[in-house]
Amino acid sequence: GRVRRELAVPVPDGPMVHDCALTERYVVLLDLPVTFRMEAAAAGAPFPYRWNPAHRPRVGLLPREGAAGEVRWLEAPECYVFHTLNAYDEVGANGTARVVVDLVRHPRMFATVHNAPSEGTPTLERWTLDPTAGTVSVTELDDAGQEFPRHDERLVGRRHRYGYTAAIAEGLVSGGALKHALATGRREAHDYGPGRSTLEPVFVPRAPDAAEDDGWVLSTVYDATTGRSDVVILHAQDFAG
């Protein structure tokens with residue numbers, strides 16, 4: 001848990017970087033078209049970042065022990081990503097090494113609404129990065145609105161089978177929680193009740209050596225009818241119960 005080194009990777013336009021992802025070989029960098037705007041700062045905007053369609057969206061693969069000049073940049077979909085779920089290395093059928101990143105994709109961000117995320121429904125996607133071919137292929141995992149993805153953190157940078165998210169409507173209006181069995185495409189939902197909405201669900205294993213998804217899902221749930229919040233504990237294998 002200690003920082004071993006610090007590396008500056010130069011990018012144009014001052015993009016807003018909110019998250020990244022790790023695999024066993026790479027740091028996955030997101031360079032997307034929300035960038036610093038000096039004119040907005042000069043006008044007194046408290047948050048001077050705006051959607052910039054002129055900024056080319058890219059995703060970068062930085063070898064974990066590499067130098068800034070070793071980043072392999074790939075053209076990415078035009079979108080914005082606040083949060084990744086997880087990433088891992090994968091060997092394709094033809095023997096090509098690829099990187100898989102699961103993330104929540106926003107169609108755009110801070111284009112018309114400048115003080116909060118509200119530019120279309122965020123959905124769960126899988127990006128498969130092929131550094132040899134220089135391509136990024138996109139698979140939609142779930143088209144329901146959602147954000148704040150989490151997984152079993154014992155598997156950071158390694159292949160995962162489950163993910164947990166907060167259900168989100170357009171404008172980041174939150175609600176219940178979702179569980180994804182990614183290998184089968186099965187989605188389960190937990191409804192916390194009228195007027196109750198969750199923040200990000202956090203997985204806690206039953207024991208250090210427990211299987212993935214054998215444990216609990218914790219989240220802070222706000223109750224608009226009382227103005228109070230609870231920490232709610234769900235059994236991961238009885239998620240909708």
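Trainee: Which residues line the largest pocket?
Mentor: This is a predicted model, so keep that in mind as we go. The lining of the largest pocket is made of Arg-4, Arg-5, Glu-6, Leu-7, Val-9, Leu-22, Val-27, Leu-29, Leu-62, Pro-63, Arg-64 and Glu-65.

Trainee: And which strands each supply at least two residues of that lining?
Mentor: Those would be β2 (26-31) and β5 (58-63).

Trainee: How does the lining of the largest pocket split by class?
Mentor: There are 7 nonpolar and 5 charged residues, with no polar ones. The space in the largest pocket comes to about 340 Å³.

Trainee: What volume does the second largest pocket have?
Mentor: About 230 Å³. Its lining counts 16 residues, and Asp-19, Thr-84, Leu-85, Pro-149 and His-151 are the ones nearest the centre of the second largest pocket.

Trainee: Which strand gives the most to the lining of the second largest pocket?
Mentor: β7, with 4 residues. At least two residues each come from β1 (21-22), β7 (84-91) and β11 (146-150). By class, the lining of the second largest pocket has 8 nonpolar, 4 polar and 4 charged residues.

Trainee: Which side chains point which way from β9?
Mentor: Thr-123, Glu-125, Trp-127 and Leu-129 point one way, while Leu-124, Arg-126, Thr-128 and Asp-130 point the other way. In a regular strand, side chains alternate between the two faces of the sheet. In β9, the residues pointing either way are all buried.

Trainee: How many bridges join β8 to β9?
Mentor: Strand β8 (residues 97-105) is joined to β9 by 7 bridges, and the two run antiparallel. β9 is also joined to strand β10 (residues 135-142) by 7 bridges, again antiparallel.

Trainee: What are the bridge partners of Trp-127?
Mentor: Trp-127 is the bridge partner of Val-101, and in β10 the partner of Trp-127 is Val-138.

Trainee: How many residues sit between β9 and β10 in their hairpin?
Mentor: There are 4. Gly-134 is in that turn and has a positive phi of about 75°.

Trainee: Which residue other than glycine has a positive phi near 60°?
Mentor: That is Phe-110. You'll find Phe-110 in the loop between β8 and β9.

Trainee: Why does Phe-110 count as buried?
Mentor: Because its relative accessibility is 5%, and buried means under 20%.

Trainee: And Phe-148, is that one buried or partly exposed?
Mentor: Phe-148 counts as partly exposed because its relative accessibility is 23%, and that class lies between 20% and 50%. Phe-148 belongs to strand β11, and its phi is positive too, near 55°.

Trainee: Last topic: where is Glu-212?
Mentor: Glu-212 lies in the loop between β16 (202-205) and β17 (215-223). Glu-212 is buried, since its relative accessible area is 13%.

Trainee: What does the side chain of Glu-212 reach?
Mentor: The backbone nitrogen of Arg-161, at 2.8 Å.

Trainee: Which residues does Glu-212 touch, leaving out those up to four places away in sequence?
Mentor: Glu-212 touches Asp-152, Arg-154, Leu-155, His-160, Arg-161 and Tyr-162.

Terms used:
Residues are numbered from 1 along each chain as its sequence is written. This is a predicted model: local features need pLDDT of at least 70, side-chain atom pairs count only at pLDDT 80 or more; totals for chains, interfaces and linings use all residues. Side-chain values use heavy atoms; hydrogens and water are left out. Buried means under 20% relative accessible area, exposed over 50%, partly exposed in between (1.4 Å probe, protein chains only). A polar contact is a pair of N or O atoms within 3.5 Å; within protein, one must be able to donate a hydrogen and the other to accept it, and residues adjacent in sequence count only if both atoms are side-chain atoms. Contact means heavy atoms within 4.5 Å. On a 1 Å grid over the protein atoms alone, a cavity is a set of points where a 1.4 Å probe fits but cannot get out, and a pocket is an open set with protein on both sides within 12 Å along at least five of seven lines; lining residues have an atom within 4 Å of a point. Grid points are joined across faces, edges and corners, and a volume is the space filled by probe spheres set on the points. Ala, Val, Leu, Ile, Met, Phe, Trp, Tyr, Cys and Pro count as nonpolar, Asp, Glu, Lys and Arg as charged, and the others, Gly among them, as polar. Two strands pair if DSSP finds at least two bridges between them.
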